[in-house]
Number of protein chains: 2
Amino acid sequence: MIRIGILGYGNLGRGIELAVNANDDMEVVGVFTRRDPASVKPYGENVAVWPAADLAVHTGDIDVLMLAGGSATDLPEQTPAAALLYNVVDSFDTHANIPAHFAAVDEAARETGHVAVISAGWDPGMFSVARLYANAVLPDGADYTFWGRGVSQGHSDAIRRVPGVVDARQYTVPVPAALEAVRAGENPQLTTRQKHTRECYVVAEEGADLAAIEKAIVEMPNYFADYDTTVTFISQDELDRDHAGIPHGGSVIRTGRTGVDGANGHVIEYSLKLDSNPEFTGSVLVACARAAWRMAGEGMVGAKTVFDIPPACLSATDDAQLRATML
Amino acid sequence: MIRIGILGYGNLGRGIELAVNANDDMEVVGVFTRRDPASVKPYGENVAVWPAADLAVHTGDIDVLMLAGGSATDLPEQTPAAALLYNVVDSFDTHANIPAHFAAVDEAARETGHVAVISAGWDPGMFSVARLYANAVLPDGADYTFWGRGVSQGHSDAIRRVPGVVDARQYTVPVPAALEAVRAGENPQLTTRQKHTRECYVVAEEGADLAAIEKAIVEMPNYFADYDTTVTFISQDELDRDHAGIPHGGSVIRTGRTGVDGANGHVIEYSLKLDSNPEFTGSVLVACARAAWRMAGEGMVGAKTVFDIPPACLSATDDAQLRATML
């Protein structure tokens, strides 16, 4: 059994615990939290809850530590520090900062002989792998990534910071005509506005100036100004009833040409439709934890990404069985 | 430059040559053929044409030999023999015989210190990888593979063997309702007949008994009896005009559940829409040839499949650049 620890027990931490439970070759032994440990209740009765400050105490109890913190402030500090103590997996998803994060984690992991898989999940993660395979196979082509329909936590948070807003849920939605044009191999040049729309469901304070709230949202730079954004005001009850889930998904598409004078066109598409973003992300991270443990067992060290993991390494099934049943 | 040799110069061999030409880090140096070498004209002016009997003569000229023969009789003999001389890549696609083929090739490759990637292409190949990732991530789920709309060479050949038939083209077509039910997460149990239909375009001899031909086709065991099959008689001119291409494709779908009592459903789909089956297959094989060469350079030996290849190994782009641009 691969013994798993989890650092952070929010939506993603819970998704990780549930994903570990779905696999027979691993178990969660403990959760590290910055909150009062007495206030944290894991699903598993035998799962310990430890203060995050005790991270260095349990190196003998854990084979792979899975980091469930956020990319803005948690992981840039936590992952290099944790990689000094454990084999680790994180879901660092600030694409522009991946090279710097990789370098920092790689140095720590090499110093102490650990394997550290960074930026796992679905984007970065499974979507990245889809992009890489498609590019390796079709060097002459164009890439498209569409996200949604799904909840963007960052955009929902941004709406909640608008004065007069009590609560909000933001959905990112691909523009159907854009998706169809890409799938048809038309290779369209698409602006930000042409690729996605943003749907906002907003609970306002009683008596708030709804027109002012709507204007503040749709004109918000970086978050909404470059998109066609719709704002729908609803009650807290409606929000809780109709928008409690955290669905997401999307499509990675590469179109390309082969042959004499590029005579033949091809479309490769990888798509996800997820009822629960944190549970699916946790499921990917758990497969990567298995790979981290295997790679460490083979003597590898340093930071790794999904690009470096042989697919068989992610699976609990042995190689001969995989070839017989899945190839 | 990775120096590529090709054994066999039919549709797939030509697809391989064109795919190599689309990549800057490799070149085709020669083609081995069982035909009269004078009758074989590669696209590249500087590509040598050698008799297949001279396979052992050119070990100093070639880094990776790519096998473009058929799985029924060519590859079971050719791949183990070639793996004694070269790093090789093949597209062996008789799923049931993969374990035996792997064992035979592995023994030869280990004996002489080569890397031999077998069963590359899109199914087995990219579809296999899609199945493996999806199964590793969602252990609680169901797999579906749909093929088409595309030309099945084997089924077209079977029709041509029916008395009175001059020429034929067979398309495998997924049943739209089945695809939709799977994509909707309904987890249907589907019979062979419910998943695919078969469309046959047939050129008959003048005066042939068309009813007898149609009956012979739709009742043919293994090939057509288990499917809803339509037979359309057309002229040779129509066949040449409307059915000259070799398109194919399909979808690998895994649906699965996560969370407390499997509360959340997820759908993972990988799909291909290919204008030219041999050119796309050749493109996958070429990416695998790059990986074979790299793995050999790292001291690995033996038979490998796409399951064993770290994705980054397939790409001409270096690891740091991949992380910065594609993760």
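**View 1. Chain A as a whole, in a predicted model.** Among the chain A contacts (heavy atoms within 4.5 Å) that link residues at least 6 apart in sequence, 68% join residues at least 24 apart. This is a predicted model, where local features need pLDDT of at least 70, side-chain atom pairs count only at pLDDT 80 or more, and totals for chains, interfaces and linings use all residues. Residues are numbered from 1 along each chain as its sequence is written, chains are lettered from A and ligands numbered from 1 in the order in which they are written, and side-chain values use heavy atoms, with hydrogens and water left out. Chain A has 11 helices and 14 strands; these are DSSP runs numbered from the N terminus, with helices being H or I of at least four residues and strands E of at least two. Its radius of gyration is 22 Å, close to the 20 Å that the globule rule gives for 327 residues, so chain A is as compact as a globular protein of that length. That radius is taken over C-alpha atoms, and the rule is 2.2 Å times the number of residues to the power 0.38. Along the principal axes, the C-alpha atoms of chain A fill a box of roughly 65 × 60 × 35 Å.

**View 2. Cover and surface of chain A.** Of the 327 residues of chain A, 57% count as buried. Here buried means under 20% relative accessible area, exposed means over 50%, and partly exposed is in between (1.4 Å probe, protein chains only). The accessible surface of chain A comes to about 13200 Å², and 49% of that belongs to carbon and sulfur atoms. Areas come from the Shrake-Rupley method with a 1.4 Å probe, and for residues only the protein chains shown count as cover.

**View 3. Helix H2 of chain A, mostly covered.** Seven of the 10 residues in H2 (residues 74-83) are buried, including Leu75(A), Gln78(A) and Ala82(A). What do the buried residues of H2(A) pack against? Their partners are strands S1 (2-7), S4 (64-67), S5 (87-89) and S6 (115-117), plus helix H3 (98-112), of chain A.

**View 4. Gln78(B) in helix H2 of chain B.** Gln78(B) counts as buried, at 14% relative accessibility. Leaving aside neighbours within four places in sequence, Gln78(B) is in contact with Leu7(B), Arg34(B), Leu67(B) and Gly69(B).

**View 5. Cysteines without a disulfide.** A search of the whole structure turns up zero disulfides over all chains, counting as one any pair of cysteine sulfur atoms within 2.5 Å. Take Cys313(A): the closest cysteine sulfur, in Cys288(A), is 10.0 Å from its own, too far for a bond. Cys313(A) is buried at 9% relative accessible area, and Cys200(A) is buried at 1%.

**View 6. Ser152(B), in a loop of chain B.** Look for Ser152(B) between strand S8 (150-151) and helix H5 (153-160). Ser152(B) is buried, with a relative accessible area of 13%. Thr172(B) is 20 residues from Ser152(B) in sequence, yet their C-alpha atoms are 6.5 Å apart. Setting aside neighbours within four places in sequence, Ser152(B) is in contact with Gln170(B), Thr172(B) and His248(B).

**View 7. Phe233(B) in strand S11 of chain B.** Not counting residues up to four places away in sequence, Phe233(B) touches Val202(B), Ala204(B), Leu210(B), Ile213(B) and Glu214(B).
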